[in-house]
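Please open the model in a viewer and keep the selection panel at hand.

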Amino acid sequence: MELKNTEYGEMLINTHLPPFTNYEELSRNGVRIISKASGNYIYDEDGNEILDAMAGLWCVNIGYGRKELAEVAKEQILKLPYYNSFFKTNNIPTAKLSEKLSKITPKGLSHSFFANSGSEANDTIIRMVRHYWNLEGQPKKRKIIGREYGYHGSTIMSASMGGMVDMHNQSAKEADFYHIPAPYSFKYQGNQSNELFSETASSWLEEKLIELGPENVAAFVAEPIQGAGGVIIPPEGYFNHIQKICRKYDILFIVDEVITGFGRTGKWFASDQMNLNPDMMTLAKGLTSGYIPMSAVMVGERVAEKLIKDGGEFNHGFTYSGHPVAAAVALENLKIIESEQLISKVSDETIPYFASKINNLKDHPLVGEVRSYGLLACIELVKNKSGPELFKNTGEVGAVCRDYCIQNKLMMRAVRDGMIMSPSLTISDREIDEMVSKLEFSLDQTIKKIS
Ligand SMILES: *Cc1c(COP(=O)(O)O)cnc(C)c1O
């Protein structure tokens, strides 16, 4: 399954600049064009059937090829393809979706604001929290604290809020954004107990707050599980401490559930699993299972009431905020999650099976750690299991292994030297077996190649 330059590949290379891509490498190596998908498989131009261990980009929660979503989109396009939700007009799918989200998201998240991507939703949050503190008569509270390896999107503001240094280095690091280290046990825990490490990692927030002065800080933002940063799973108790610190210093607590939402962790939201009471929450990806772009900011009562009572006009929004077709597709997606009882199914059956299967890879000589939470997993590759000793050129071996996986018709992602998985909620036991055996074979090929 080598890349070769086909007619459409040439078109793309000559005229398109795709996201997160090295263009020089792309023009040398060619591009793989995915032309259709069904269930948990994607198919390239040559008809190769590739098992998708990433659910697209962490988003196709109900799997590919759902006719119901196509049908509601078609019906809605014929009935009302577009109307805006500015200036006191609106549409029925947006009303229904807004009410639905206020019911299924954690208690207190009463209102939603719609956008088209996770990035825009997080930009909206930045606008809202600063507006909120202005209305509270504390305009100095502007700074936002995020985390190393945090990912909150790719607009200048959301990338500044995230902790990806390579993005910051390309003009995406605005003032007033700060970062603390991630609760990344593989890197930082050493021989601390989980309990101690949860205190250590949360104390980094308190230290940063004291350094900046809490009177200057608007909010702390976190993904419950850091996705793009490498499936970083905090130790138990971490968020308990974090929430206490946020309350103690009176800063807003923002939870970015763009990846962890809509069943991926075995409940509707990771906040339900981890007992989080955020002031605001970001939703995207699984909201529509990626079939159509849509995101939402869930706003808790504290902020919503202030905006409603004292905010005047909120001078913010997008042409496609509350798009009727996107809202109709989102509603149908949620309906499928409910009617097929996907969340209890993954919680009772798929997640335990997935965890035990991938855990079998921990004895492989290349594997330093296997970790998973719900249907999110990372397999850390190491030079030497004892220590563990990591590879010198971070990311090189991960990329080699990922390329073998794809050659073996398994779509995976590598973050640094971690192999990442985030399959759809509909992944079957047989498909999990296929995933793990293809990955194991790729690990064997990788070790042969590098030794
Ligand atoms: C993907 C992602 C975003 C950004 O969403 P886009 O739709 O790509 O803008 C934000 N937060 C998290 C946690 C994400 O994984």
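This is a predicted model: local features need pLDDT of at least 70, side-chain atom pairs count only at pLDDT 80 or more; totals for chains, interfaces and linings use all residues.

Begin with the aromatic side chains: a search of the whole structure finds 14 aromatic pairs, a pair being rings of Phe, Tyr or Trp (its six-membered ring) whose centres lie within 6.5 Å, with planes under 30 degrees apart counted as stacked, over 60 as edge-to-face and the rest as tilted. Select Phe113 and Phe314, whose ring centres are 6.0 Å apart and whose planes stand at 80°, so the pair is edge-to-face. Phe113 belongs to strand S4 (residues 109-115) and Phe314 to the loop between helix H13 (301-310) and helix H14 (324-339), so the pair ties together parts 201 residues apart in sequence. Helices (H or I, at least four residues) and strands (E, at least two) are DSSP runs, numbered from the N terminus.

Residues are numbered from 1 along each chain as its sequence is written, and side-chain values use heavy atoms, with hydrogens and water left out.

Next, display the charged side chains. The count comes to 21 salt bridges, each a side-chain nitrogen of Lys or Arg within 4 Å of a carboxyl oxygen of Asp or Glu. Select Arg247 and Asp279, which form a salt bridge with their closest N and O atoms 3.2 Å apart. This pair links distant parts of the chain, 32 residues apart: Arg247 is in helix H11 (residues 238-248), and Asp279 is in the loop between helix H12 (270-274) and strand S9 (280-283).

Now colour the two domains, domain 1 (32-62 + 341-450) and domain 2 (68-339); these bounds come from an automatic or database domain assignment. Contact (heavy atoms within 4.5 Å) takes 35 residues from domain 1 and 34 residues from domain 2. The area buried between them is about 2,700 Å², with carbon and sulfur atoms giving 64%; buried area is the accessible area (1.4 Å probe) that two parts lose on being put together, summed over both. Select Trp58, Ile62 and Tyr373, which supply 27% of the area that domain 1 buries against domain 2, more than any other three residues. Between the domains there are zero salt bridges.

Two backbone details conclude the tour. Select Gly387 and Pro388, which are joined by a cis peptide bond with omega of about -10°; Pro388 is in the loop between S12 and helix H16 (396-407). Finally, centre on Ala55 in helix H3, where phi is near 45°, a positive value in a residue other than glycine. Most residues other than glycine have a negative phi, and most peptide bonds are trans.
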